[in-house]
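Here is a short report on aromatic pairs, charges over rings and helix packing. Keep the structure in view while reading.

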Amino acid sequence: MRFFPASTIGVYESEQRLWQALKIALEHEPGKAYFGFRPRADNGRVIKESDVLIMHQEYGICVIECKGCQIYEISQIENDEWFMVDRWYTKSMQPLAQANAAMYAVKQEIERHAVAQGLDQSVTLNIHYSHFVALPYITRQQWQEQGLGGSPTLRGAILFQEDLTSEIICHRLAAHKGWRENSLSYEEWSSIWDFCKRDNLRTTVATKTRESSGIVRLMNQIANQTVVLDQLQQKIASEIPSGPQRLRGLAGTGKTILLTKRAAAMHYEYPDWDIVFTFYTKSLYQQTKELIIRAYRDLLEGHGLTPRSPNWNQLKIFKAWGGKGIDGFYAALAEKCGSKPKTYNDVQREIQQDHEKSKKYFQEKFAYACECLEADAANIPQIYDAIIIDEGQDLPPAFIA
């Protein structure tokens with residue numbers, strides 16, 4: 001089985017445990033597994049994120065919702081609702097309903113995909129769907145001792161800590177398969193699998209416009225097309241590296257989209273971090289902000305939370321140098337170092353007074369400002385937990401350093 005993405009750096013430890021257990025258990029099984037797959041409606045809106053989506057030619061489609069709670073964090077369960085203690089992030093939750101909703105969201109998108117591909121309806125009717133809730137930190141014994149094992153809605157739907165073994169995972173998937181008169185051929189499964197080639201990042205520019213121009217309508221149609229990301233791009237967008245990382249690619253290959261997704265993911269996973277997204281071109285400010293907002297709202301919506309904009313006190317968007325009405329990373333850093341930031345006019349005046357500087361920095365005025373700060377600052381403090389730099393190829397080495 002192939003797993004997408006290959007790395008899940010930055011996700012919760014409970015989800016990492018589940019994902020690693022599945023990779024071991026299903027390594028030699030046919031099919032594909034996706035972490036954080038987000039099916040969408042026709043209008044591009046996220047319906048419900050799946051923590052884990054498994055597509056197996058024999059077992060069918062399985063969605064697993066993972067919860068990293070400890071047994072003492074569950075106070076009681078009434079029907080589908082789990083009531084949690086105060087330290088949990090919400091007073092109550094409905095994991096089984098979440099898994100069920102995610103499963104049906106995948107089912108609906110597969111059926112739409114099948115229609116678009118011209119597949120016979122009997123193909124989708126022969127796909128078996130199932131869902132589980134995984135509790136990597138809770139054993140079956142703890143569950144029973146807490147008096148939570150009597151709910152009929154939960155019987156057979158929970159994967160406890162000791163269930164995350166190769167033998168039990170395969171057994172549970174097979175047991176939920178049930179009986180099917182017909183099974184899909186490899187070719188039919190391949191057609192179904194194709195719907196997952198699309199990453200869950202898609203542009204959501206409004207399709208309605210009052211302009212009658214054919215060019216405007218064409219541009220709106222293009223803006224609403226799916227942004228297709230390959231496997232490597234999906235990995236890059238979802239991972240949070242532990243140290244410096246350089247991303248290279250030709251113009252138009254989607255670097256900005258990947259980096260804005262990563263900024264949103266960092267802010268979602270670590271809301272207390274001070275994060276900066278910076279870039280060279282002044283005119284990209286609004287576009288960058290909109291991409292981050294969209295990616296962050298998608299993350300919240302995919303996790304069943306109310307969509308909202310990021311906390312701009314923690315996630316800051318800076319142009320590299322700055323400008324009138326636009327904050328600059330260089331200017332903010334200079335002030336933290338106790339140095340007066342140089343404006344464009346300051347640099348222009350200073351290099352004009354020195355013939356050698358004028359020749360060296362005629363096209364590199366920002367490099368001059370950065371090198372002056374690097375030379376003048378006695379100590380450059382670490383004031384951010386993470387810095388994401390777009391258009392790095394257009395920035396001077398002194399800025400990156």
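## Aromatic pairs

Rings of Phe, Tyr and Trp (its six-membered ring) count as a pair if their centres lie within 6.5 Å. Planes under 30 degrees apart are stacked, those over 60 are edge-to-face, and the rest are tilted. By this rule the count comes to 14 aromatic pairs. The model is a predicted one.

Phe329 belongs to helix H11 (residues 329–336) and Phe399 to helix H15 (residues 397–400), so the pair ties together parts 70 residues apart in sequence. Both Phe329 and Phe399 are buried.

## A tilted pair and a cluster

Phe399 also pairs with Phe366. Here the centres are 5.6 Å apart and the planes meet at 50°, so the pair is tilted. Phe366 sits in helix H14 (residues 365–376) and Phe399 in helix H15, so this pair ties together parts 33 residues apart in sequence. Phe366 has a relative accessible area of 5%, so Phe366 is buried. The value for Phe399 is 10%, and Phe399 is buried because the cut-off is under 20%.

Which residues form one aromatic cluster? The members are Phe318, Trp321, Phe329, Tyr330, Tyr344, Phe366, Tyr384 and Phe399.

## Packing of H11 and H14

Two packed helices are described by the angle between their axes and the distance between the axes. For H11 and H14, the axes come within 11 Å and cross at roughly 20°. Angles under 35 degrees count as roughly parallel, so H11 and H14 are roughly parallel to each other. Their crossing is left-handed.

Which residues make the contact? From H11 come Tyr330, Leu333 and Ala334. From H14 come Phe366, Ala369, Cys370 and Leu373. Tyr330 and Phe366 are also among the members of the aromatic cluster.

## Lysines over rings

Two lysines lie over aromatic faces. Lys289 is over the face of Trp312, at 5.3 Å from the ring centre. Lys319 is over the face of Tyr280, at 5.4 Å from the ring centre.

## Gln142

Gln142 is placed in helix H4 (residues 140–145).

Gln142 touches Ile71 and Tyr137, leaving aside residues up to four places away in sequence. Gln142 and Gln70 are 72 residues apart in sequence. In space, their C-alpha atoms are 9.6 Å apart.

Technical notes
Residues numbered from 1 in each chain as written. Predicted model: local features only at pLDDT ≥ 70, side-chain atom pairs only at ≥ 80, totals over all residues. Heavy atoms only, no water. Helix = DSSP H or I, 4+ residues; strand = E, 2+ residues; numbered from the N terminus. Buried < 20%, exposed > 50% of the residue type's maximum accessible area, 1.4 Å probe, protein only. Lys NZ or Arg CZ within 6 Å of the ring centre and 35° of its normal. Contact = heavy atoms within 4.5 Å. Axes fitted to C-alpha atoms, helices over the stretch in contact; angles between N-to-C directions. Parallel < 35°, antiparallel > 145°, perpendicular 65-115°, else oblique. Left-handed = near helix turned anticlockwise from the far one by under 90°.
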